[in-house]
Structures are given as structure tokens and as C-alpha cells.
Amino acid sequence: MVKYRDETLDRTFAALSDPTRRALLARLVEEDGLSVSELAAPFSISLPAIMKHLEVLSDAGLIVREKTGRTVACRLTAQPMEQAMNWLNRYARFWSDNFDRLAAFVEEDPWPSTKQPQPAAANVQASPSRAGSARSRKGSTPRGRRPSS
């Protein structure tokens, strides 16, 4: 078995696994250089929780924090994402080829229809069990009346 170990890639995917961190990155895509408080504004979680998310993103190299006076601004960095995209593209080619082969197979040999044709009403005959119950009904009497003996 091949042991592929790239800690940078591991940290990148671990950081991207959380929806809050992905949302923080999406905000930075829209407007780079936001302060921590501006980044935290639309979220319903505490500022310390946002700080922890930013720490994970920073450790993964996805953002850089710059302090100016008392304000900390965050900016995106591209290198870890480029490495992740290169890794994903390598496997995307594999899956793309497999999906293309699957599509060709399905198009060449379509599945048969699962609907069974229904017989015409005139051709339907009663099953033996039904016929027997029909015979027994003919000899029965209406409810409440007893045959005279």
C-alpha cells in the first residue's frame, strides 16, 4: 500500500470540512481584507468561536491575518487551495473517465421498461379460486332469510 502523506493537504481539507469555515472563506472571496468583527457579523455564533475557526483557516494557510493597530484583517491565500485543486483534478480525471464509460454503457443498452402490459378486459378469466367462490355465492341466501325445510 502506498502511504501518501502531505500534512498541508490534510490541514487544507480538514479546514474546508466545516461549513462555517467555508462560509468565512466565501465572505473573503466577495470582499478580501475584512476585519474579524466584519467577518463575524452575519454568523449567530460567538466571536471567540469565530476566532477559533479563523485559527484553523490560518493554520491551514488558507488565510493570513494582518494586524493594524487594534484591527485584525483577514485575507485569502491561494497556495493551499491550488495544491488541493491539483490533488482533486488528478482524481477528477479518473472519475470523469469512469462516468463517461458508464454513460456510454447506459446509452448503448437501455434498461427494459418495468411496466408490464395489462391484458384486455375481455380476455381476463377468473382464477380457479375466484370461480369457486362465485359458485358458493350462487347457492347462498340473502341475509336474514333462511331456507324453508
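**View 1. Overview of the predicted protein model.** Residues 24 or more positions apart account for 50% of the contacts with a separation of 6 or more, a contact meaning heavy atoms within 4.5 Å. This is a predicted model, in which local features need pLDDT of at least 70 and side-chain atom pairs count only at pLDDT 80 or more, while totals for chains, interfaces and linings use all residues. Residues are numbered from 1 along each chain as its sequence is written, and side-chain values use heavy atoms, with hydrogens and water left out. The secondary structure comes to 6 helices and 3 strands, arranged from the N terminus as α-α-β-α-α-β-β-α-α. Helices (H or I, at least four residues) and strands (E, at least two) are DSSP runs, numbered from the N terminus. Of the 149 residues in the protein, 18% are buried; buried means under 20% relative accessible area, exposed over 50%, and partly exposed in between, with a 1.4 Å probe and protein chains only. The protein exposes about 12200 Å², and carbon and sulfur atoms supply 55% of this area (Shrake-Rupley method, 1.4 Å probe; for residues, only the protein chains shown count as cover).

**View 2. The crossing of helices H1 and H5.** Helix H1 covers residues 7–16 and helix H5 residues 79–108; their axes come within 9 Å and cross at roughly 95°. Axes are lines fitted to C-alpha atoms, for helices over the stretch in contact, and angles run from 0 to 180 degrees between N-to-C directions. H1 and H5 are therefore roughly perpendicular to each other (65 to 115 degrees; under 35 counts as roughly parallel, over 145 as roughly antiparallel and the rest as oblique). H1 contributes Thr8, Leu9, Thr12, Phe13 and Leu16 to the contact, and H5 contributes Pro80, Met81, Gln83, Ala84, Trp87 and Leu88. By class, 8 of these residues are nonpolar, 3 are polar and none is charged. Ala, Val, Leu, Ile, Met, Phe, Trp, Tyr, Cys and Pro count as nonpolar, Asp, Glu, Lys and Arg as charged, and the others, Gly among them, as polar.

**View 3. The aromatic cluster of Phe13, Trp87 and Tyr91**. The structure holds 2 aromatic pairs. Rings of Phe, Tyr and Trp (its six-membered ring) pair if their centres lie within 6.5 Å; planes under 30 degrees apart count as stacked, over 60 as edge-to-face and the rest as tilted. Phe13 and Trp87 form an edge-to-face pair, 5.5 Å centre to centre with 65° between the planes. This pair links distant parts of the chain, as Phe13 of helix H1 and Trp87 of helix H5 are 74 residues apart. Phe13 is partly exposed at 29% relative accessible area, and Trp87 is partly exposed at 25%. Trp87 also pairs with Tyr91 in a tilted arrangement, 4.7 Å centre to centre with 50° between the planes. Trp87 and Tyr91 are separated by about one helical turn because they lie 4 residues apart in helix H5. Tyr91 counts as partly exposed, at 41% relative accessibility.

**View 4. Ala73 in strand E3**. Strand E3 spans residues 71–76. Ala73 counts as buried, at 14% relative accessibility. Leaving aside residues up to four places away in sequence, Ala73 touches Gly33, Leu34, Ser35, Val64, Arg65 and Glu66. Ala73 and Gly33 are 40 residues apart along the chain, with 5.3 Å between their C-alpha atoms.

**View 5. His53 in helix H4**. Helix H4 spans residues 47–59. His53 counts as buried, at 14% relative accessibility. Beyond residues up to four places away in sequence, His53 touches Asp18, Thr20, Arg21, Leu24 and Ile45.
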